[in-house]
Amino acid sequence: MADLDLSSDNTSDDSRDQSSQDSKLEFSEDEETLITRMYNLVGERWSLIAGRIPGRTAEEIEKYWTSRYSSSE
């Protein structure tokens with residue numbers, strides 16, 4: 001019976017991990033400015049942009065950019 005309880009705990013841990021990843025997409029004003037300036041210089045070279053922002057990955061930068069600035073054409 002304890003095993004059943006553990007498996008349900010693991011499921012809730014996974015959902016907590018996902019919500020903590022979503023909150024990581026909060027960028028400071030300085031980060032937003034740098035991302036915008038870098039994007040204007042190098043385009044969608046997310047790894048180059050992420051290299052200028054300590055603690056950020058290319059995936060986070062791209063996800064931020066597409067959620068903030070993607071336009072439906």
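Residues are numbered from 1 along each chain as its sequence is written, and the structure is a predicted model in which local features need pLDDT of at least 70 and side-chain atom pairs count only at pLDDT 80 or more. Totals for chains, interfaces and linings use all residues, while side-chain values use heavy atoms, with hydrogens and water left out.

The chain contains four helices and zero strands, where helices (H or I, at least four residues) and strands (E, at least two) are DSSP runs numbered from the N terminus. The order of the elements from the N terminus is α-α-α-α. Of the 73 residues in the chain, 22% are buried; buried denotes under 20% relative accessible area, exposed over 50%, and partly exposed the range in between (1.4 Å probe, protein chains only). Among contacts in the chain with a separation of 6 or more, 44% involve residues 24 or more positions apart, a contact being defined by heavy atoms within 4.5 Å.

The largest nonpolar core comprises 11 residues, namely Phe-27, Ile-35, Met-38, Trp-46, Ile-49, Ala-50, Ile-53, Ala-58, Ile-61, Tyr-64 and Trp-65. Such a core is a set of buried Ala, Val, Leu, Ile, Met, Phe, Trp, Tyr and Cys residues joined through side-chain atoms within 4.5 Å. At least two residues of this core are supplied by each of helix H2 (29-42), helix H3 (46-51) and helix H4 (58-69), and the largest share, four residues, comes from H4. In soluble globular proteins, nonpolar side chains tend to be buried together.

The axes of H2 and H4 come within 12 Å and cross at roughly 90°, the axes being lines fitted to C-alpha atoms, for helices over the stretch in contact, with angles from 0 to 180 degrees between N-to-C directions. The two helices, H2 and H4, are therefore roughly perpendicular, a class that spans 65 to 115 degrees. On the H2 side, Glu-32, Ile-35, Thr-36 and Tyr-39 meet Ile-61, Tyr-64, Trp-65, Arg-68 and Tyr-69 of H4.

Two salt bridges were counted under the criterion of a side-chain nitrogen of Lys or Arg within 4 Å of a carboxyl oxygen of Asp or Glu. In one of them, the side chains of Arg-56 and Glu-31 meet at 3.1 Å, N to O. Arg-56 lies in the loop between H3 and H4 and Glu-31 in helix H2, so this pair ties together parts that are 25 residues apart in sequence. Both partners, Arg-56 and Glu-31, are buried, and the relative accessible area of Glu-31 is 17%. Beyond residues up to four places away in sequence, Glu-31 touches Glu-26, Ile-53 and Arg-56. Arg-68 forms a salt bridge with Glu-32, the closest N and O atoms lying 3.4 Å apart. This pair links distant parts of the chain, with Arg-68 in helix H4 and Glu-32 in helix H2, 36 residues apart. Arg-68 has a relative accessibility of 47% and counts as partly exposed.

Glu-44 is located in the loop between H2 and H3 and is exposed, with a relative accessible area of 56%. Glu-44 and Trp-65 are 21 residues apart in sequence, and their C-alpha atoms are 9.4 Å apart in space.

Terms used. Angles under 35 degrees count as roughly parallel, over 145 as roughly antiparallel, 65 to 115 as roughly perpendicular and the rest as oblique.
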